[in-house]
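Thanks for coming, everyone. Please have the sequence and the model open while I talk.

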Amino acid sequence: MNDRYSFLNAIHIKDLELLYQKYKENPDSIEPSWSAFFYGFDFGNEENFGKTIFNHKEFLVYNLIQAYKITGHLFSNINPIIKKRNLSEDISLNLNHFGLSDNELDSNFESGIFIGLGKTSLRNIIHFLENKYCNSIGIEYMYIHDIKKIKWIEKWLDNNIDIEFKSYKKIFFLKKLNEAIAFEHFIHNKFIGQKRFSIEGNESTLPALEEMIEYASTEYNTEEFIIGMSHRGRLNFLANCLKKNYSYIFNEFYGKEYQDALLSGDVKYHLGFTKIKTNSIGKNIKISLLPNPSHLESIDAIVEGLTRSKIDNIYTKNKNKIIPILIHGDAAISGQGIVYEVIQFSKLNGYHTGGTIHIIINNQIGFTTNEMEGRSSIYCTDIAKIVMSPVLHINADDIESVIKSIYFAIDFRMRYHEDVFIDLIGYRKYGHNEGDDPRYTQPILYKLIYQHKNVYELYKEQLENENIINNNNIQIIEKKYQTILHNEYEKSKDIKWNILTSFLEQEWKEFPLIVDTQKIFQKINTTYSLNKLIHIAKSIFTLPKDKHFFKKTISIFKNRLNLILTKKLVDWSSAELLAYGTLLDEGYSIRLSGEDVARGTFSQRHIIIKTETEEEIILLNQIKQGQKLIEVYNSPLSEYGVLGFDYGYALFSPYILTIWEAQFGDFGNGAQIIIDQYIASGESKWKICNGIVLLLPHGYEGQGPEHSSARIERYLQLCANNNLFLANCTTPANYYHLLRRQMKFNFRKPLLIFTPKSLLRHPQCFSTLEDLSNGTFHEIIEDSSCINENKIKKLIFCSGKIYYDLLKRKEYIQNTETILIRIEQIYPLKEKTIQNLLDKYKNRKDTIWVQEEPANMGIWSFLIRQFGKDIPFTLVAPSESSSPSTGSLKTFLKIQNNILEKAFL
């Protein structure tokens, strides 16, 4: 829109009339810009200058122009299967609806200035609007609040909507379309009935992605692209864009075994891949397609996290150097809650990645579900409006319009560093997979699809009509590609094994994939100089004297430092912060993310402190000059999306301690897909490592079923082949050494820590500075109160906070014949140490396992699986229950007391 008339955007015709009446009475009585506007509408003779005649029809035309901008996409030719709505038959853009008629089509109107035409006929205005807003691109943007963005979008459309591509570009698009079609046909014929999730019906996605990479890398010097997509079209993209060896892809269809027996692998249309490509100006570009489970949109968060990690750690915060691309299905983007979570944190300080390009492969159907059954919104992309992102709906059969939309997306993203959505409306040639017949459920739609020419045939005809290419050229193109496919197919027959390479192989070359138990249990030196530890304590627990703080903040920090300096003791929270401080001092960075992590759910951490004027201070970042930093982000109220993001962040960051904390441990339930599909099994499925740490508050204090159990039993079900570490510590020192050990290992595994609540302030839950300085992590802790092991008649094994309840009862009844043994690292479990303890106490009569969790939950079932009948454990636990805990405090205390009584019978 012309700058001079931007103030017209939100005005209604009746309001304009009232303003004009005021102008006629006194031009100085209204705002100057309005006065100038009405003055410009002097449509009388020059001799009538000063006696402005207001033309009511101009505002009717202006309203028509605005209506095209707002609703033109509804009348666009964006559906290749179904013809667009007729404008003349629809009231929304019918001239009569605006108080205009066909008799005025050749009348000239000054309102043409609003679309850059100047004074021109209504016919020209409508022709311009239909070409701009109702062709193969339907754009939604008028809901955006920022008038500058609206003006930028309109200017971009004016300058680019009619651009002509050069012949060599058109031939390139044709070749890519041929590859997309031919590749699918080849697999269809060679591997009959096998699933491949064909891209047919949306083949233009392939040249679109190719051109996006070329355009961004040449025009904006982008160096890397991180891509997440589900299975639709993945094999085609791997083969024809990333150039994964065709023979390897064909080999995967044979279902051969992996040479490495420890790898379970994944189906071929879930695998990731990384490729270094060279663009047209000779610059190397890195493209990574992340592996993806069948939880289609879960990859969104991982892509964002990985991208952010690279922005922070490679590209010095330059968001133009790397672009995340998310390729969605239409049913998934509108149906999966993770999409909302990811979009909601797209502009937040701790999670933004400079804007994501969202491409929707719109089949107009989900599995067997029609659009009207799958969503309530008009478009599958309507979720974009919550962050005011522009949306382009494109007819996927119009390849040149598709490419224009790609240019728009890149230009918008680079200018505003915000998300943009491209809705490629095509169809799905076959059913959900190639063994499915869609005519069961959509017979009418598929009758139209089977009669429809594919985009390659349509574009081929177009280029022949434009005399850009002839039949002989086409045959050469097709034959050349067929020869490549045939040769690679023959090679695949000679490949003995299924081949799996990590898409992050280069980034993790210093951290090998380790599954050997001896290496897992290797002792790691986590000691740290006592003097330096005290120096760090003084640095991070001494508040700046020139700042004013809340009196309780002052008290917390004063007490922490006093405890350390006078009593040489640390509590849980101090030990955690000292672990961070020592790692920062040693050159490791830290990222801590989750709900309310800065202060801590239980007001225990205070890692970010605020002055009375709400200035934020992180003392951990002020230990010494040139140190590494800790970044702390209170996350939105999201588990699924945020944990996925942090897992993605840790994918690229073996030298960064990446931590996600659940507000309460059971909140991890909301992120179970990330835990199951990535954290627990990513190493086995995709040969990728990850060192993310999960802090899951756990412990029974009578807070009801939702804030007691972090569901240890669920995580233990996921443990196998030394895939992760699972710990439930009882001392600040063990927690301190566990965090340090995580970074000192020469490999990386996810670490799940069941952290306490009441132990944060328990009078016995302290460790000495010496424990921190010269200690180590203990997988199993034996009670040190035993003097004569021959007198021990009972062994009580436990884990976590209940140890202190058992200890209190033991001391109260003055029992000297029982020893308490804490399992601090539950997985991998040091079974040999447990057996040695059993052998040590030869006179034992009872070996008991005590837990707070109901008998059908907790660690008990895991112990049974590990030891079977070899160790005759007796269980002491609450009765089996469908709920983790009672909601009654009195009932809880009764159950807890009963456990303690039974333990010492």
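Which residues does Ile 679 touch, not counting residues up to four places away in sequence? The list is Leu 643, Tyr 647, Ile 674, Ile 692, Leu 694, Leu 724, Pro 750 and Leu 752. Contact here means heavy atoms within 4.5 Å.

A word on the ground rules. This is a predicted model, where local features need pLDDT of at least 70, side-chain atom pairs count only at pLDDT 80 or more, and totals for chains, interfaces and linings use all residues. Residues are numbered from 1 along each chain as its sequence is written, and side-chain values use heavy atoms, with hydrogens and water left out.

Now the core. Ile 679 belongs to the largest nonpolar core, which has 195 residues. Phe 183, Ile 325, Ile 357, Ile 679 and Leu 726 have the most contacts inside this core. A nonpolar core is a set of buried Ala, Val, Leu, Ile, Met, Phe, Trp, Tyr and Cys residues joined through side-chain atoms within 4.5 Å. Buried means under 20% relative accessible area, exposed means over 50%, and partly exposed is in between, with a 1.4 Å probe and protein chains only. Helix H14 (residues 399–416) gives the largest share of this core, 11 residues. There is also a second, separate core of 79 residues. Among its members are Ile 623, Ile 753, Ile 796 and Leu 820.

About those labels. Helices (H or I, at least four residues) and strands (E, at least two) are DSSP runs, numbered from the N terminus. Two strands pair if DSSP finds at least two bridges between them.

Axes are lines fitted to C-alpha atoms, for helices over the stretch in contact, and angles run from 0 to 180 degrees between N-to-C directions.

Look inside that sheet. Strand E20 (residues 725–727) and strand E21 (residues 751–753) pair in the parallel sense over 3 bridges. Leu 726 has Leu 752 in E21 as its bridge partner. We met Leu 726 among the core residues with the most contacts.

What is the strand order in the open sheet of 5 strands? The order is E23-E25-E24-E27-E28, and the pairing is mixed. Strand E23 (780–782) and strand E28 (874–876) are the edge strands, each pairing on one side only. Neighbouring strands here are turned by 25° against each other on average, direction ignored. Helix H28 (residues 802–812) packs on this sheet, touching E24, E25 and strand E27 (846–850). The direction of H28 makes about 170° with that of E25.

E24 and strand E25 (residues 818–823) pair in the parallel sense over 5 bridges. Ile 796 stands opposite Leu 820 in E25. Both are in the second core.

Stay with strand E24 (residues 794–798), which holds Leu 795. Is Leu 795 buried or exposed? Leu 795 is buried, with a relative accessible area of 0%. Its contacts include Ile 819, Ile 821, Leu 837 and Tyr 841.

Arg 741 lies in helix H26 (residues 732–744). Arg 741 is buried too, with a relative accessible area of 5%. Among the residues Arg 741 touches are Phe 725, Phe 777 and Glu 779.

Now strand E6 (residues 284–289). Here 5 of the 6 residues are buried, so E6 is largely enclosed by the rest of the structure. Strand E4 (residues 224–229) joins E6 by 4 bridges, running parallel. Strand E5 (residues 273–278) pairs with E6 in the antiparallel sense over 6 bridges. Leu 289 in E6 stands opposite Ile 227 and also opposite Phe 273. E5 and E6 form a hairpin with 5 residues between them. In the turn, Gly 282 has a positive phi of about 80°.
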